[in-house]
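Welcome! Keep the 3D view open and try each task before reading its solution.

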Amino acid sequence: MVKHTLTLQHRTFRSVWKVLTEPVAEPSVMLEGLLREGSNLVIGGSAGVGKSLFVTNLGWCLATGRPFLGMEVARPYRVVYAQAEMNEWDVEERLRKQGEVITGGTDWSDVPYYYFSRKPWRWSPDIVELTEVMDEVGCEVLILDPLSRIKPSEVSENDNDKMGYFLNETLNRLIVNEALKALVIVHHFGKPSGEQPRDPLDLLRGASALRDWMENFIWVGGKRHAPDAKLVFDKVRGFAPRDNLLVQRRGLVFQMSGDMREPVLAVLADGAGHSKGEMNEVCGGDVSEALKGLVEEGLVERGSKGWRLR
């Protein structure tokens, strides 16, 4: 008699016949073409290219259900952003300014986006407090920024054995709960190279351990604090391969290259009239095409005191 289902220590094993006749349900897609429930995402890149801006932008979109760089979000998720790099005022100011643009100035009271800030980070007490916060708010998406400051000090980033154990055993066991659906981690490039790497993953600290553990990896490429960046979807599991994506930083918000619609609406949300030159400066680029499109949509008009919402 063949046993098709076997449960040992709360883990279930199934026979091939069981798999063929009763396949498990496909995990729900959270972020179109990139993230499913139960998966993780690593964001890597050099210092100053905008990795933290990228993940806080992503957090806003996941928490509001708004599209992120052209990728649809299935629904609003409860997001916790845990960071150990900036002081608390800087974090709050960044999140506030991003929210003004991304939400268009609408009411934020029902947006389930939380942040947990500790600098310096002390592993033993802070990770315990973080898990308590996650349980309290029913965290569905956890963002850790950056891994280098959140991990225990005794775990060397360049020791693949220690990094592997930390990722697969310590981190997963401490933070994974029934509500959590996705984990996003920011990690720095730290290995010098005079040439463009053949594979961006090769420049990550602890690359071998991370390569085995991660399911999805985005490399944020570009010059330090430059307005333009390139997203390389170096590893995507469960979806078709993605082309590289060129994006632009408009203040503290990443936008698709040439997409000025949301920044313009955010500027005009105050109800006052604004000149095109003023909006060019605030939005960080030419807003002419965006204004033309908004006029055609009947959302914007030019009055005696400048451009304004209709």
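Helices (H or I, at least four residues) and strands (E, at least two) are DSSP runs, numbered from the N terminus. Please keep in mind that this is a predicted model.

**Exercise 1. Find where Thr-103 sits, and decide whether Thr-103 is buried or exposed.**

Step 1: Look for the elements on either side. Thr-103 lies in the loop between helix 3 (88-102) and strand 7 (113-117).

Step 2: Check the accessibility. Buried means under 20% relative accessible area. Thr-103 has a relative accessible area of 4%, so Thr-103 is buried.

Step 3: List the neighbours. Not counting residues up to four places away in sequence, Thr-103 touches Trp-60, Thr-64, Arg-66 and Trp-108.

Step 4: A polar atom of the Thr-103 side chain is 2.5 Å from the backbone oxygen of Gly-99.

**Exercise 2. Follow helix 3 and find which strands helix 3 lies across.**

Step 1: Trace the helix over the sheet. Helix 3 lies across strand 6 (79-83), strand 7 and strand 13.

Step 2: Compare directions. Helix 3 runs at about 160° to strand 7.

**Exercise 3. Work out the order of the strands in the open sheet.**

Step 1: Walk from strand to strand. Nine strands make up the open sheet, in the order 7-6-8-9-5-10-11-12-13, and their pairing is mixed.

Step 2: Name the edges. Strand 7 and strand 13 (253-256) are the edge strands, each pairing on one side only.

Step 3: From one strand to the next, the twist averages 25°.

Step 4: Zoom in on one pair. Strand 5 (residues 39-45) and strand 9 (residues 182-188) run parallel and are joined by seven bridges. Within this pair, Gly-45 has His-188 of strand 9 as its bridge partner.

**Exercise 4. Decide whether Lys-223 is buried or exposed, and find what Lys-223 contacts.**

Step 1: Locate the residue. Lys-223 is in the loop between strand 10 (216-221) and strand 11 (228-236).

Step 2: Apply the cut-off. Exposed means over 50%. With 70% relative accessibility, Lys-223 is therefore exposed.

Step 3: Find the contacts. Leaving aside neighbours within four places in sequence, Lys-223 is in contact with Gly-48 and Val-49.

Step 4: Lys-223 and Gly-50 are 173 residues apart in sequence, and their C-alpha atoms are 9.7 Å apart.

**Exercise 5. Explain why helix 8 counts as largely enclosed.**

Step 1: Pick out the buried residues. They are Pro-263, Val-264, Leu-265, Ala-266, Val-267 and Leu-268.

Step 2: Conclude. Six of the eight residues of helix 8 (residues 261-268) are buried, so helix 8 is largely enclosed by the rest of the structure.

Technical notes. Residues numbered from 1 in each chain as written. Predicted model: local features only at pLDDT ≥ 70, side-chain atom pairs only at ≥ 80, totals over all residues. Heavy atoms only, no water. Buried < 20%, exposed > 50% of the residue type's maximum accessible area, 1.4 Å probe, protein only. Polar contact = N/O pair within 3.5 Å; in protein donor to acceptor, adjacent residues only side chain to side chain. Contact = heavy atoms within 4.5 Å. Pairing = 2+ DSSP bridges. Axes fitted to C-alpha atoms, helices over the stretch in contact; angles between N-to-C directions.
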